[in-house]
Amino acid sequence: MDNTISRIIAKVYENYRSCNEGTVADYIPELTRADPNWFGISVFTTDGYGYAIGDSEQPFTIQSISKAFTFGMILDDHGPKAVDARIGVEPSGEAFNSISLDSETGRPFNPMINAGAIAATGMVQGSGFEDRFEKIRRRFSAFAGCDLGVDEAVYRSESATGFRNRAIANLLRNVEMLDDPVDEAAEVYFKQCSILVTCRDLAVMAASLANGGVNPVTGERVLQLENVEKVLSVMSTCGMYDYSGEWIFRVGLPAKSGVGGGVLGVLPGQLGVAVFSPRLDAKGNSVRGVRTFVELSQSFNLHLFNYPVISGHVIRRHYKLSEVGSNRQRLKSHHEVIREYGNAVRVIELQGDIFFTAMERLVRLQTELLEETDTFVVDMTRVGLIDRATEDILFTVTADISEAGKQMILIDPSEVIDRGRFDSETVNVAFASDLDTALEFCEDRLIDEHVEAPIVAGLVPFHEFELFQSLNSKELTRIEGLLEMESFARDSKIVSQGEEPDYMYLLAKGSVGIHLKPKNGALRGQRVAAFCSGVCFGDLAVVDGSKRSADVWANETSICYLLSLEKLGRLAEEDPATHSKILRNILLINIDRLRRCNQEIGSLKA
């Protein structure tokens, strides 16, 4: 079903559908066969969603749009230094087929004019014409996410009439900007321009550039990240020939056009746009294509230099461990220790793509909090992209924090950063798989530091459980006679969701996880809480008789005291006073849990 975006694109399409200005390219005879009424628009986002209208599936030859992708290909294969030695990056201000060479170096001015494109094609490595061309075709296909063919008729037509381009190739050889065989390089260039694409293919290719060199449909890396900026830079200044200045002023996108009628534009980090219409203006650009881009840029605010400032919400929220803890239920005394000393642990949650401005805000916040903080927990679960330079800054601030005697814990489940770079003696950094695990780690460390005799190896005596607080010695003796004891192996299920209650469990040793019912055949569902020794579970179901609301799994070998529903009922009949004290303690335990939850919710909303 159409949405608002597709309706806006459709409106732009209708605005220029009747435009008959311009003429189909005729300097390559075979191009005159194109229907001048063909018109298509396609947009692809960096998360792989596409919009299309009109003749967006009509094949046509890529022509000069190919120059941008071959340039990226040789940057990947040879490196910027080797490419720069043969091809410049300065706008020529002349037509695409002009013979524009630097008077001092002999280099073509840029890779978007024919001279630069032929020099680029000459740098494609291979064992002959077919091998070199096939490498180009495969790389273009990876950008498009589908297998691209060739219009052999257009190739033959280009080859038969390509005298000027052959002359350019020989001139390049004369100034040593092209290696032998010269004719082979020219032929590869002719056939490269004859690769067939659709408007949709071009939009996916553009979106791959917008997505940092990763095809958003296939997930395949098709261009190294460090070379994407170089390709887009040259497209910005030279991609629309001698209309490039006007284009960047009015449209504001890195772009490339071709005499086959295609125009491709890139908004980095967001989307790729392609328009196809064969009628060209005097500069060789699609008339409908240029006008469509101008209106789309205005309608969607695509101009690169009108890009909104980085959101102030890159830092999603930050809080102290004393305010928001893990999902692990502990002894009440341990929770009190966490509340008392948890101010020294600061959690910072990030979201979105993290580049310089976003990282600067993180650095500024950590600097402000450094004196009062011992451990920074930085949650990158919601982070999309981070570039190399920003990663360098993250490493440096981690080293600075370490030098100050503090620690950084990074939560990076998608591995958006290179962990190997942080494997250094100069940084005190740890990685956690999720936020709850990191918070548990910090809590455990606080308890170890501030509790004189934390229970680690032995059993928690039953009389130390909060469930039996306020019971006198006689009452405790009676309770002891009601309790059973059972051991549970690591990874064994103790309680199943949906079953009838039978026991109340007092965890004397070990730890357990509380999990929702699994889906899609998984063994365990999502973990929602964890309990440490000294804590009881299953108490509410025993009191109100409701079915178990979650699965409980042993995280390690665990030992529990068990108080059965049957024995609790007998206690209510024979000793109602003791029974009432236990019920009151269950109520107080859960009131305390609810109070902590309310405090955490309040802290997160603040």
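I began with Ser470, which I found in the loop between α16 and α17 (473-482), where helices (H or I, at least four residues) and strands (E, at least two) are DSSP runs numbered from the N terminus. This is a predicted model, in which local features need pLDDT of at least 70 and side-chain atom pairs count only at pLDDT 80 or more, while totals for chains, interfaces and linings use all residues. I also noted that residues are numbered from 1 along each chain as its sequence is written, and that side-chain values use heavy atoms, with hydrogens and water left out.

The phi of Ser470 is near 80°, a positive value in a residue other than glycine. I looked up its accessibility as well: Ser470 counts as exposed because its relative accessibility is 51%, with buried meaning under 20% relative accessible area, exposed over 50% and partly exposed in between (1.4 Å probe, protein chains only).

I then turned to Tyr241, in the loop between α10 (225-238) and α11 (244-250), which has a positive phi of about 60° although it is not a glycine. Tyr241 is buried, with a relative accessible area of 5%. I wrote a reminder beside these two entries that most residues other than glycine have a negative phi, and that most peptide bonds are trans.

Which residues does a cis peptide bond join? I found that bond between Asp180 and Pro181, with omega at about -5°, and I placed Pro181 in the loop between α7 (163-174) and α8 (182-193).

**Cysteines**

I checked for disulfides, taking one as a pair of cysteine sulfur atoms within 2.5 Å, and by this rule the count comes to 0. On accessibility, I recorded Cys146 as partly exposed at 30%, whereas Cys193 is buried, with a relative accessible area of 2%.

**Helix pairs**

For the packed helices I kept in mind that such a pair is described by the angle between the axes and the distance between the axes. Here the axes are lines fitted to C-alpha atoms, for helices over the stretch in contact, and angles run from 0 to 180 degrees between N-to-C directions.

I looked up α5 (residues 129-144) and α9 (residues 199-210), which pack at an angle of about 85° with their axes 7 Å apart. The two are therefore roughly perpendicular to each other; by the cut-offs, angles under 35 degrees count as roughly parallel, over 145 as roughly antiparallel, 65 to 115 as roughly perpendicular and the rest as oblique. Phe140, Phe143 and Ala144 of α5 make the contact (heavy atoms within 4.5 Å) with Asp201, Val204, Met205, Ser208 and Leu209 of α9. By class, I noted 6 nonpolar, 1 polar and 1 charged residues in the contact of α5 with α9, where Ala, Val, Leu, Ile, Met, Phe, Trp, Tyr, Cys and Pro count as nonpolar, Asp, Glu, Lys and Arg as charged, and the others, Gly among them, as polar.

My next pair was α2 (residues 66-78) and α4 (residues 114-122), which pack at an angle of about 40° with their axes 9 Å apart. That angle makes α2 oblique to α4. In this pair Lys67, Thr70 and Ile74 of α2 meet Asn114, Ala117, Ala120 and Thr121 of α4, and the residues of the contact divide into 3 nonpolar, 3 polar and 1 charged.

I placed Gln366 in helix α14 (residues 356-369), where it counts as buried at 2% relative accessibility. Leaving aside neighbours within four places in sequence, Gln366 is in contact with Ile348, Phe376, Val378, Val397, Ile401 and Met408.

Glu295 lies in helix α12 (residues 287-300) and also counts as buried, at 16% relative accessibility. I noted that the C-alpha atoms of Glu295 and Ile9 are separated by 9.5 Å, although these residues are 286 residues apart along the chain. With neighbours within four places in sequence left aside, the contacts of Glu295 are Lys11, Val12, Asn15 and Tyr16.
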